[in-house]
Amino acid sequence: MKDTDKHLVALLRENARASVTELAATMKVSRATVQKRMEALENEGVITGYTVKVKPGVEQNKIRAWMNVAVEGTKAKTVLQQLRGDPAVYTLHTTNGKWDLLVELRSDSLENFDRILGRVRRIEGIQNTETSILLSTHKA
């Protein structure tokens, strides 16, 4: 990525709702430049979407957990596809070491969380899991 693209992506990470005019003024480039670069980054797959960041603690009764997943042999692609389609899966990460995947799960209740765990553990290709419920978050 060019420096302009890196700057644009950084600004969008801070505020994905910033207008093209605001972005152009901050970057000291024309609106047309910002629009062209955004379109190019979207077409190249660098920008895959825009999202909203919610203040921690605002969402009531949200249970968050990290699930480490060991995958059988060469079934990682199939497992990833299944996990991507699950509404309880918030983020997916591939890792090295004992676990192949790190999955962030979210639920509105412990009862529902129990059902989610069962559903995920039944995905063909998952060999083993270990789950930890997130209790609190502290700024580093």
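**Exercise 1.** In this predicted model, at what angle do helix H1 and H3 pack, and how are they oriented to each other?

Solution. Helix H1 covers residues 3-14. Its axis and that of H3 are 11 Å apart, at an angle of about 85 degrees. Angles of 65 to 115 degrees count as roughly perpendicular, and H1 and H3 are therefore roughly perpendicular to each other. On the H1 side, the contact is made by Thr4, Asp5, Leu8, Val9 and Leu12; H3 contributes Val34, Arg37, Met38 and Leu41.

**Exercise 2.** Find how the axes of helix H2 and helix H3 cross, and which residues make the contact.

Solution. Helix H2 spans residues 20-27 and helix H3 residues 31-43. Their axes come within 8 Å and cross at roughly 110 degrees. This angle also falls in the range of 65 to 115 degrees, so H2 and H3 are roughly perpendicular to each other. From H2, the contact involves Val20, Thr21, Leu23, Ala24 and Met27; from H3, Arg31, Val34, Gln35 and Met38.

**Exercise 3.** Classify Leu135 as buried or exposed, and name the surface patch to which Leu135 belongs.

Solution. Leu135 lies in the segment after strand S4 (126-133). The relative accessible area of Leu135 is 79%. Exposed means over 50%, so Leu135 is exposed. Together with Leu110 and Ile133, Leu135 makes a nonpolar surface patch of about 350 Å².

Key. Residues numbered from 1 in each chain as written. Predicted model: local features only at pLDDT ≥ 70, side-chain atom pairs only at ≥ 80, totals over all residues. Heavy atoms only, no water. Patch = residues over 30% accessible without salt bridge, like charges linked within 9 Å, V, L, I, M, F, W, Y side chains within 5 Å. Areas by Shrake-Rupley, 256 points an atom, 1.4 Å probe, with all protein chains shown as cover. Salt bridge = Lys/Arg side-chain N within 4 Å of Asp/Glu carboxyl O. Helix = DSSP H or I, 4+ residues; strand = E, 2+ residues; numbered from the N terminus. Buried < 20%, exposed > 50% of the residue type's maximum accessible area, 1.4 Å probe, protein only. Axes fitted to C-alpha atoms, helices over the stretch in contact; angles between N-to-C directions. Parallel < 35°, antiparallel > 145°, perpendicular 65-115°, else oblique. Contact = heavy atoms within 4.5 Å.
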